[in-house]
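Okay, everyone, thanks for coming. I'd like to walk you through one interface today, so let me put the structure up.

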Amino acid sequence: MSGSNTLPARGRWGDRLFQGVALGFALLVLVLLASIILMLLIKAMPAFEAFGIGFLWSAEWNPVTHQYGALIAVVGTLVSSLIAIAIAVPVSFGIALFITMLAPQWLRRPVVTAIELLAAIPSIIYGMWGLFYFAPWFADTMQPWMTTYLGAIPYIGALFQGPPIGISVMTAGIVLAIMIIPFIASVMRDVFEVVPKALTESAFAMGATTWEVAWKVVLPYTRTGVIGGVMLGLGRALGETMAVTFVIGNAHNLSLGLFEPGTTIASTLANEFNEAGGLQLSSLIALGLVLFMVTFVVLGLSKLMLLRLGAQEGKRT
Amino acid sequence: MTRYQRRKLVNAINMTASLVVTLIGLGFLAWILGILVMKGGQHVNWSVFTEITPGPGTSGGLINAIIGSLLLTLFGVLIGTPVGVMAGTYLSEFGRHSRLSSAIRFINDVLLSAPSIVIGVFVYVILVEPMGHFSGWAGAVALAIIVIPVVVRTTETMLTLVPVQMREAAAALGAPRHVVITKVVYKAAMSGMVTGVILATARIAGETAPLLFTALNNQFWTTNMNEPMANLPVVIFQYSMSPYDDWINLAWAGALLITLSVLILNISARLLLRGSRH
């Protein structure tokens, strides 16, 4: 009898140990996030104490007089990411449309793989290519054209002014767009594929064109999922460092022109962190905290959207 | 123009636009890879693999950065994988429907898309500042923090795909739960889990931002993880921003090496996963 008891007993202890270890590492994920926020908060305190909450909207960034504010970097981050989103969303929609509805079956897999390879290229490569090839090309061709035609439009024309060097917030936005297109396109492709065949087939049977099916059936059905994917891309654009640092010019410069050099939170950190000390270091960490919080919120919203799509799907099937 | 013709026209225009943007996207991929192969190919030669990084204006290679990158990536994966696998196991096997697990899943997604530069700042604060110097270990820890959420995610997904009947069959034979998991569930999900680790490796192999404030760089040969350590991404960053042609050429060589290894890792992960499905 005793022999038959020892084995289950050993199994029980093994089970408890195994489950305990698994739980411990799962909790470590929570601890990791909590300690990132806590440590950044502690180290950012001196900056918040010195400048108050006004740190967030002060446009001063001067290591000589020790005055620091987040506004320029925050605006640069938001503007470059918005440019990226404005370009990437329609392009990604086009690519997802091509893959799911237009391309012949044999072509789908190669195109999907190619777009996913674009996502795998390290961001520093985008940065180098941006600096040595894209920025000069952009300065020679696209920028003069945009300044001439878009710059002449009243009110918004001021956005398209700046020196013709190709190092600017606009260039950063375009390079970011190319980086996030694969992410947004593959989320769109995934959600387009969950649309029930019965829905699209009946629209086709009613005589709808491919475009009408895409625009009036597929997109409304997958709306929340598409928005979730866009938010995911936005999160990546906000936090991207290397691709931006190479082409944005890293100037603490608040101006209306999108062709002026600027800076983002991530590129300010990359450039100044290692040489900083004291209040500047603390201000930089505060910037990092702001960035983390912004991406946190964006991701939270995107998760919410994707969850709602999942719930909707559950109801219909 | 009739209504019918207008609808046909709108359709034709939009479908053409869809084709055109896809071609543009592929065009950018071709442009970037083409430049890399051309510029990098010109400057990858034997001395890249035999000499260490040079000072300004002299020639040299990248061997210390290549070895540094290999070490940092290796230790990043070695530290991050066990944590990720165990946490993923918990989510799939022990707390699949619990509230705690949904919280952990959400937090894991936050970590997954956390800006990598912020992780660099965090590791600077917890390791570099207390130790008083940059080090390879700090770099490896920063990379491990990036590996963990990727591995948690793929491990959980792959374990969830294993049919419940396999667990029940093993349990019915009298196997304790940890034996069921390690001997049956892991075995069934092995190729998927390995794929996750390979993808995580590919992700950190090209990461630059988290290394800037942790491993930093080192102009000399070292395999001591307690010292600042040279690595390809940071060398590429510093050299390509420099005014010296020799440095910029080396940066292109390094860029080609890094992209090739990342793409090879990605493609092998894909092949592994496809092979396991048949």
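Counting residues in contact (heavy atoms within 4.5 Å), we get 80 from chain B and 76 from chain A.

Quick housekeeping. This is a predicted model, where local features need pLDDT of at least 70 and side-chain atom pairs count only at pLDDT 80 or more, while totals for chains, interfaces and linings use all residues. Residues are numbered from 1 along each chain as its sequence is written, chains are lettered from A and ligands numbered from 1 in the order in which they are written, and side-chain values use heavy atoms, with hydrogens and water left out.

Now the charges. The rule finds four salt bridges across the interface of chain B and chain A, a salt bridge being a side-chain nitrogen of Lys or Arg within 4 Å of a carboxyl oxygen of Asp or Glu. One pairs D109(B) with K303(A), with the closest N and O atoms 2.4 Å apart.

On to the helices, which are DSSP runs (H or I, at least four residues), numbered from the N terminus. On the side of chain B that touches chain A, helix α1 (residues 3-43) of chain B gives the most, with 20 residues.

How does helix α2 (residues 71-102) of chain A cross α1(B)? Their axes, lines fitted to C-alpha atoms over the stretch in contact, with angles from 0 to 180 degrees between N-to-C directions, come within 8 Å and cross at roughly 105 degrees. That makes α2(A) roughly perpendicular to α1(B), a label covering 65 to 115 degrees. Among the residues meeting there are F98(A) and L102(A) from α2(A), and M15(B) and L19(B) from α1(B).

Then there's helix α4 (residues 123-140) of chain A: its axis and that of α1(B) come within 11 Å and cross at roughly 100 degrees. So α4(A) and α1(B) are roughly perpendicular to each other too. The residues of this contact divide into twelve nonpolar, no polar and one charged. For the classes, Ala, Val, Leu, Ile, Met, Phe, Trp, Tyr, Cys and Pro count as nonpolar, Asp, Glu, Lys and Arg as charged, and the others, Gly among them, as polar.

Technical notes:
Helices (H or I, at least four residues) and strands (E, at least two) are DSSP runs, numbered from the N terminus. Angles under 35 degrees count as roughly parallel, over 145 as roughly antiparallel, 65 to 115 as roughly perpendicular and the rest as oblique.
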